[in-house]
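Work through the exercises below with the structure in view. Try each task before reading its solution.

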Amino acid sequence: SIGSRSRLIHDATRIQEAKREILKGRSVSLTCDHWTSCANENFTALTAHWIEDNDYTLELRSDILECFLHKESSESETLAYEFVEKVYEKYS
């Protein structure tokens, strides 16, 4: 239904804004994973990792920034372009 679709978009936007706030001003390490499914579809995921300092304890935190299906080639130039398009523009 239209109501549930708009709610999903609203929630996804709130989650994206929350991730942006969490990562703001932090030093992060990024990892990229790429795999091919049994159906021969190519997927790529980008994960951010950072250390949170909570009252004298350090905690390693991670969050998936993006996971997407791509139909283009798996060459590094193509993947780099897709990262810029899907991730950088979303979180910058």
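**Exercise 1. Surface and make-up**

What does the accessible surface of the protein come to, and what share of it belongs to carbon and sulfur atoms?

Solution. The surface is about 7,000 Å². Carbon and sulfur atoms hold 54% of that surface. Such areas come from the Shrake-Rupley method with a 1.4 Å probe, and for residues only the protein chains shown count as cover.

Before going on, note that this is a predicted model: local features need pLDDT of at least 70, side-chain atom pairs count only at pLDDT 80 or more, and totals for chains, interfaces and linings use all residues. Residues are numbered from 1 along each chain as its sequence is written, and side-chain values use heavy atoms, with hydrogens and water left out.

**Exercise 2. Elements**

List the elements of the protein from the N terminus on.

Solution. Start with the count: 2 helices and 3 strands. These are DSSP runs numbered from the N terminus (helices: H or I, at least four residues; strands: E, at least two). Their order is α-β-β-β-α.

**Exercise 3. The sheet**

In what order do the strands form the sheet?

Solution. Step one: the order is 1-2-3, in an open sheet with antiparallel pairing. Two strands pair if DSSP finds at least two bridges between them. Step two: strand 1 and strand 3 stand at the edges with a single partner strand each, so one side of each has no neighbour in the sheet. Step three: neighbouring strands are turned by 20° against each other on average, direction ignored. That angle is taken between axes, which are lines fitted to C-alpha atoms.

Now zoom in on one pair. Strand 1 (residues 29-36) and strand 2 (residues 42-54) are joined by 8 bridges. Leu 30 has Ala 48 as its bridge partner. Asp 33 stands opposite Ala 45. The hairpin has 5 residues between these strands, and Asn 40 takes a positive phi near 65° there.

**Exercise 4. The core**

Which residues make up the largest nonpolar core?

Solution. Recall the term: a nonpolar core is a set of buried Ala, Val, Leu, Ile, Met, Phe, Trp, Tyr and Cys residues joined through side-chain atoms within 4.5 Å. Buried means under 20% relative accessible area, with a 1.4 Å probe and protein chains only. The 8 residues are Leu 23, Leu 46, Ala 48, Trp 50, Leu 65, Phe 68, Phe 83 and Val 87. Strand 2 gives the most, with 3 residues. Across the protein, 21% of the 92 residues count as buried.

Methods
Buried < 20%, exposed > 50% of the residue type's maximum accessible area, 1.4 Å probe, protein only. Axes fitted to C-alpha atoms, helices over the stretch in contact; angles between N-to-C directions.
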